[in-house]
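Let's take a walk through a protein model together, from a helix to its strands, cores and charged pairs. Have the structure open and turn it as you read.

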Amino acid sequence: MSESPVAIIGAGPAGLIAAEMLSAAGKRVVVYERMPSVARKLLMAGRGGLNLTHSESFEQFLTRYSDAAPHLAPMLKAFTPNDLINWANGLGAETFIGSSGRVFPRAMKASPLLRAWLARLAAQGVEVRTRAHWQGWSDDGALRINGATHDASATLLALGGASWPRLGSDGSWRDILSARGVEVTPFAPANVGFRIAWSEHFRSRFAGQPLKNVAIRRSAHLARGDAMITDYGIEGGPVYALSAAIRAAMPTTIRIDLRPDLRHKDVESKLARAKSGDSLSSTLRKTLGLSPIAIGLLHENGPPPRDPAGLAARIKTVQLNIAAAHGLERAISTAGGVSWSAVDENLQLRAIPNTYVAGEMLDWEAPTGGYLLQACFATGAWAARAILHG
């Protein structure tokens with residue numbers, strides 16, 4: 001009788017890279033996916049340009065994972081950004097490095113890469129079963145899928161976190177694992193927008209517009225880039241980068257520097273030289289190049305000071321009160337998940353032998369910029385190697 005297959009539950013990047021590595025090594029692999037098609041969140045991420053990874057130095061790259069960096073470091077060293085780039089190039093999805101250091105496939109979409117990937121998996125004998133809902137284990141330890149039992153030589157859980165549940169990762173696995181004694185840290189939204197009580201005038205005029213080249217600070221944490229004003233509040237790259245710090249302190253205040261490339265005294269000096277007959281909006285546009293949305297933001301804390309020193313202080317530190325995160329269902333990713341103490345150095349669950357975890361199910365978070373996909377690939381590859389050597 002042939003050996004039971006390795007069962008991979010979840011057909012996102014972590015599960016599929018594990019399936020590729022295991023099947024390439026001669027293992028029989030069956031991937032079970034609850035949704036009608038695979039990698040839906042990957043496809044959604046690719047609609048705006050699939051950011052695979054980042055080209056910055058590895059030392060800087062590792063810092064993006066904050067508290068989880070010590071756990072992820074060996075996995076990221078074993079499957080580096082260069083490894084991911086070479087992998088994508090090998091599928092025919094030639095990559096390039098953007099001006100920000102982010103790495104994209106030239107097609108800027110996930111669909112061509114995914115088609116090539118699925119063809120490779122099929123050629124290696126990987127069986128993908130969709131509409132296959134994992135329901136835990138039977139009393140004798142077999143996997144329960146759609147009410148039926150299935151044997152597996154090893155199991156990798158790669159079910160994602162709890163963000164964008166309509167794409168398949170709804171976090172429903174939490175109760176199944178908790179009931180088996182696996183410690184699961186509560187989910188929290190990561191890479192998410194935050195609610196701000198805008199004035200009706202500001203909301204109606206500027207919702208949906210970008211606030212370009214700003215620096216946002218929450219306490220000692222600082223991020224730069226383009227933010228987006230929404231009807232509910234604020235989102236975008238620098239906001240996502242600060243989401244953990246903001247989330248931990250809510251309700252809290254963030255401070256926005258509308259001219260981060262200029263020192264306070266330089267802003268004040270420019271304002272002091274402005275024509276006395278100009279309106280405030282004209283002064284700000286002519287002397288500092290502020291956009292209408294930036295000028296509008298200055299009025300959200302009351303009428304701006306008119307003296308150069310006071311106005312410069314407002315421009316360099318616009319204070320905004322954060323009420324709450326927008327919501328887990330609209331977050332790009334999630335914090336929380338399977339605790340690091342619940343897995344061993346191979347990502348094997350301590351409470352359930354021969355069962356491994358990879359991807360966003362684990363308790364880590366990172367900003368957008370390629371860090372999310374890189375860690376999903378790296379943890380999936382790490383678990384696959386552990387299964388091969390187990």
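## A helix and its surroundings

Helix H15 covers residues 371-389, 19 residues in total, and its first and last C-alpha atoms are 27 Å apart, close to the 27 Å expected at 1.5 Å a residue. That expected span is 1.5 Å times one less than the number of residues. Helices (H or I, at least four residues) and strands (E, at least two) are DSSP runs, numbered from the N terminus.

A word on the source: this is a predicted model, in which local features need pLDDT of at least 70 and side-chain atom pairs count only at pLDDT 80 or more, while totals for chains, interfaces and linings use all residues. Residues are numbered from 1 along each chain as its sequence is written, and side-chain values use heavy atoms, with hydrogens and water left out.

## Cores and rings

A nonpolar core is a set of buried Ala, Val, Leu, Ile, Met, Phe, Trp, Tyr and Cys residues joined through side-chain atoms within 4.5 Å. The largest one has 82 residues, and those with the most contacts inside it are Tyr65, Trp117, Leu177, Val338 and Trp364. H15 gives the largest share of this core, twelve residues. Another core lies apart from it, with 38 residues, including Trp198 and Ile246.

Now look at Tyr65, which is buried with a relative accessible area of 1%. Beyond its neighbours within four places in sequence, its contacts (heavy atoms within 4.5 Å) include Leu72, Trp364 and Tyr371. Tyr65 also belongs to one aromatic cluster with Phe61, Trp364 and Tyr371.

The structure holds 13 aromatic pairs. Rings of Phe, Tyr and Trp (its six-membered ring) pair if their centres lie within 6.5 Å; planes under 30 degrees apart count as stacked, over 60 as edge-to-face and the rest as tilted. Phe61 and Tyr65 have ring centres 5.8 Å apart and planes at 50 degrees, so this pair is tilted. Trp117 and Phe377 form a stacked pair, with 5.6 Å between centres and 20 degrees between planes. This second pair links distant parts of the chain, since Trp117 sits in helix H6 (residues 111-123) and Phe377 in helix H15, 260 residues apart.

## Strands

Strands pair if DSSP finds at least two bridges between them. Three strands form an open antiparallel sheet in the order E3-E5-E4, with E3 (53-54) and E4 (95-97) as the edge strands. E4 and E5 (residues 102-105) are joined by three bridges, and Phe96 has Phe104 as its bridge partner in E5.

Elsewhere, two bridges join the antiparallel strands E7 (residues 134-137) and E8 (residues 143-145). Five residues lie between these strands in their hairpin, where Gly141 takes a positive phi near 90 degrees.

## Salt bridges

A salt bridge is a side-chain nitrogen of Lys or Arg within 4 Å of a carboxyl oxygen of Asp or Glu. The count by this rule is 13, and the table shows some of them.

| Salt bridge | N to O distance |
|---|---|
| Glu127 and Arg129 | 2.7 Å |
| Asp226 and Lys212 | 3.7 Å |
| Lys286 and Asp278 | 3.5 Å |

Glu127 is partly exposed at 33%, whereas Lys212 is exposed at 54%.

Note on methods
Buried < 20%, exposed > 50% of the residue type's maximum accessible area, 1.4 Å probe, protein only.
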